[in-house]
Amino acid sequence: MFTTSRILAVSLLATLASALPTTLPKLTKDQALKIIRQETGSTVYSACSVPGTVAITFDDGPYLYTDEIVATLAQYNAKATFFVNGNNFQCIYSPENEMRLKNAYAAGHQLASHTWSHLDWVTLSDDELLLEMTRTDDALTKIVGVKPAFVRPPFGSYNDASVEVAKSNGQTIAIWDFDSLDSDGVTSPDESVTLYQNVAAQKPTSILTLNHETSESTARRVLPYAMGVLSAQGYSFVTVAECLGGLAPYQTVAEPQVRD
């Protein structure tokens, strides 16, 4: 029996299909999903759309292990995405963290926002949430010269109101479809390794991972293992923007600005 949501989905697909020229080749599932997102204005992604890709992502930095992570990624010619906070584990404006961000950006990795102080979006007013976003944007603009086009809510927590705030700030929300559980305080590094082993064995079409660069075991044990086992399955390691079909990673790109 069809639910209301399924009926609406079928109706939307029929409308989109009728608008397409008859000479177009048959669309793949990923191409169809991309069109639907474009037509509906969806700004939340929880999976990659490009087959054969893995988007390795890190939350909560910059931190002590950022440079080690960048070095490990370089061994596999891999690009990743760093969702950074302004003031969580450390202040983004410390000289050490400014250099870590510059190093990651110079290596070709995508820098994205995890908002300023890692607050749960659904507990904030629209104005409070917008400030959490713009403070991080301003920091990245000043440090490396970019305003991120992607943002990730702390704890993966968001609602319709916060989606609208992100959209008003010109940002797309990116979640994940694979969690290494490296930040739950319960899962051991060996268990995170097993999770990567299992997902590699399943070999899904694509993977959008969640990791935390603030975890020493992630940087030194889990990530090297993950890169090896996923590489052996033939995946390409790309940024979130790339795994979504080549979306723009930044709203603006310029020279770094002078801090106030």
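**Reading strands and cores in a predicted model**

Mentor: In strand E4, Thr81 and Phe83 point one way while Phe82 and Val84 point the other way, and all are buried, where buried means under 20% relative accessible area, exposed over 50% and partly exposed in between, with a 1.4 Å probe and protein chains only. This is a predicted model, in which local features need pLDDT of at least 70 and side-chain atom pairs count only at pLDDT 80 or more, whereas totals for chains, interfaces and linings use all residues. Residues are numbered from 1 along each chain as its sequence is written, and side-chain values use heavy atoms, with hydrogens and water left out.

Trainee: How should I read the two sides of a strand, and which residues of E5 lie on each side?

Mentor: In a regular strand the side chains alternate between the two faces of the sheet. Strands (E, at least two residues) and helices (H or I, at least four) are DSSP runs numbered from the N terminus. In E5, residues 110–113, Gln110 and Ala112 lie on one side and Leu111 and Ser113 on the other, and all are buried.

Trainee: Which strands pair with E4?

Mentor: Two strands pair if DSSP finds at least two bridges between them. E4 (residues 81–84) and E5 run parallel and are joined by 4 bridges, with phenylalanine 82 opposite leucine 111 and phenylalanine 83 opposite alanine 112. Strand E3 (residues 57–61) also pairs with E4 in the parallel sense over 4 bridges, and aspartate 59 stands opposite phenylalanine 83.

Trainee: What is the handedness of the unit made by E3, H3 and E4?

Mentor: A crossover is right-handed if, with the strands pointing away from the viewer, the path from the first strand over the helix to the second runs clockwise. E3, H3 and E4 make a right-handed β-α-β unit.

Trainee: Which residues touch the most other members of the largest nonpolar core?

Mentor: A nonpolar core is a set of buried Ala, Val, Leu, Ile, Met, Phe, Trp, Tyr and Cys residues joined through side-chain atoms within 4.5 Å. In the largest one, of 39 residues, they are Ile56, Phe82, Ile92 and Leu230. Helix H8 (216–231) is among the elements that each supply at least two residues, and H8 gives the most, with 7 residues.
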